[in-house]
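I opened a new model today and kept notes as I went. The entries are in the order in which I looked things up.

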Amino acid sequence: MPRRVHRAGRFVDAVFVVGVLFKAVSGVVELAAGLPLLVFGAQPLVALTDHVVDWLITVDPDNAFAPVLSTGVAGLGSAGTVLAAVYLLFHGVVKIAIVLALVRGSRGGFLASIGALAVFLVLQLVELVVAPGVGVAVLAAVDAVLLGLTWREYRRGHTLSDAWRAVFHRGARVPAR
C-alpha cells in the first residue's frame, strides 16, 4: 500500500535529487572540458579561462573564485594537459554512468553507483590529506552525503523517480516496496 511522504522525508528526497542533478551537470561539464582539452591542448582552455577571469573581476573586483580558476589552469603543460584531459573524461563518464544507473533504478545500478561514489570519496579524502583545499573538502562532503542518500534509497527500495515524485508532486504517494 502506498504511504504518504512526510516533510522530512521530502527534504531528504530533495537533497538526493539535487545531488544527483549536481553529479549529472558536473559530469557533462567534465566531458565538455576534457574532450577539447585532449584534442586541442591547453592553450584554448587557458585563453577561455583568462576571459572568464577578466569578466569575473570586472563584475566583482574582490571575486574569490577568479584567482582559484586562473591558478587551476596555469600549470597545465603538455603532459599535464593529457593527464588532466584523461582524468576529466574518465571522471565525467563515471559520473554520467552513476546518474544513468540511478535513473534506471535497478538494484545492481544502485550498487554500482554506491561503489563508484565510495571510490570517489576515498580518492578525495586522500587528496584532502595530501593537498588540503576547500574545493576538495566541499566535493568530498557532497559525495559523502550523496553516498549516504543513495544507500538510503537503495535500502528503502526506492528509485530516483520515486524521490523525484516525492519532491515535485506535493502529497505524492511513494509505493512501499
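**Entry 1: ground rules.** I am working with a predicted model, in which local features need pLDDT of at least 70, side-chain atom pairs count only at pLDDT 80 or more, and totals for chains, interfaces and linings use all residues. Residues are numbered from 1 along each chain as its sequence is written, and side-chain values use heavy atoms, with hydrogens and water left out.

**Entry 2: fold.** I began with secondary structure, taken as DSSP runs numbered from the N terminus: helices are H or I with at least four residues, strands are E with at least two. I find seven helices and two strands. Along the sequence they read β-α-α-α-α-α-α-α-β.

I then looked at contacts, meaning heavy atoms within 4.5 Å. Of the contacts between residues at least 6 apart in sequence, 71% join residues at least 24 apart.

Next came burial. Buried means under 20% relative accessible area, exposed over 50%, and partly exposed in between (1.4 Å probe, protein chains only). The chain has 177 residues, and 36% of them are buried. Its accessible surface is about 10400 Å² (Shrake-Rupley, 1.4 Å probe; for residues, only the protein chains shown count as cover). Carbon and sulfur atoms hold 74% of that surface.

**Entry 3: salt bridges.** I used this rule: a side-chain nitrogen of Lys or Arg within 4 Å of a carboxyl oxygen of Asp or Glu. The whole structure gives seven salt bridges.

I looked up Arg156 and Asp13. Their side chains meet at 3.8 Å, N to O. This pair links distant parts of the chain: Arg156 sits in helix H6 (residues 134-156), Asp13 in helix H1 (residues 7-40), 143 residues apart. Are the two partners buried or exposed? Asp13 is buried, because its relative accessible area is 3%. Arg156 has 24%, so I log Arg156 as partly exposed.

I also checked Glu153 and Arg152. Their salt bridge has an N to O distance of 2.6 Å. Glu153 is buried, with a relative accessible area of 0%. Arg152 is partly exposed, at 23%. Asp13, Arg152, Glu153 and Arg156 are linked in a network of salt bridges.

Then I took Lys95 and Glu30. They form a salt bridge at 3.3 Å, N to O. Lys95 lies in helix H4 (residues 78-104) and Glu30 in helix H1, so the bridge ties together parts 65 residues apart in sequence. Both Lys95 and Glu30 are buried.

**Entry 4: aromatic rings.** Rings of Phe, Tyr and Trp (its six-membered ring) pair if their centres lie within 6.5 Å; planes under 30 degrees apart are stacked, over 60 edge-to-face, the rest tilted. I get three aromatic pairs.

How are the rings of Trp164 and Phe168 arranged? Their centres are 4.4 Å apart and their planes are at 45 degrees, so I log the pair as tilted. Trp164 and Phe168 are separated by about one helical turn, because they are four residues apart in helix H7. Phe168 is partly exposed, at 49% relative accessibility.

Elsewhere, ring pairs link Phe110, Trp151 and Tyr154 into a cluster. I also looked for charges over rings (NZ of Lys or CZ of Arg within 6 Å of the ring centre and within 35 degrees of the ring normal). Arg107 lies over the face of Tyr154, 3.9 Å from the ring centre.

**Entry 5: around Trp164.** I went back to Trp164, which sits in helix H7 (residues 160-168). Its relative accessibility is 38%, so Trp164 counts as partly exposed. Leaving out residues up to four places away in sequence, Trp164 touches Val17, Leu21 and His169. Asp13 comes up again here: its C-alpha is 7.3 Å from that of Trp164, although the two are 151 residues apart in sequence.

**Entry 6: surface patch.** Patches take residues with over 30% relative accessible area and no salt bridge; like charges are joined within 9 Å, nonpolar side chains (Val, Leu, Ile, Met, Phe, Trp, Tyr) within 5 Å. I find a nonpolar patch made of Leu35, Leu38, Val39, Phe40, Val82 and Val86, with about 580 Å² of accessible area together. H1 and H4 are the elements that give two or more residues to the patch. The largest share, four residues, comes from H1. I checked one member, Val86, which is in helix H4. Val86 is partly exposed, at 45% relative accessibility.
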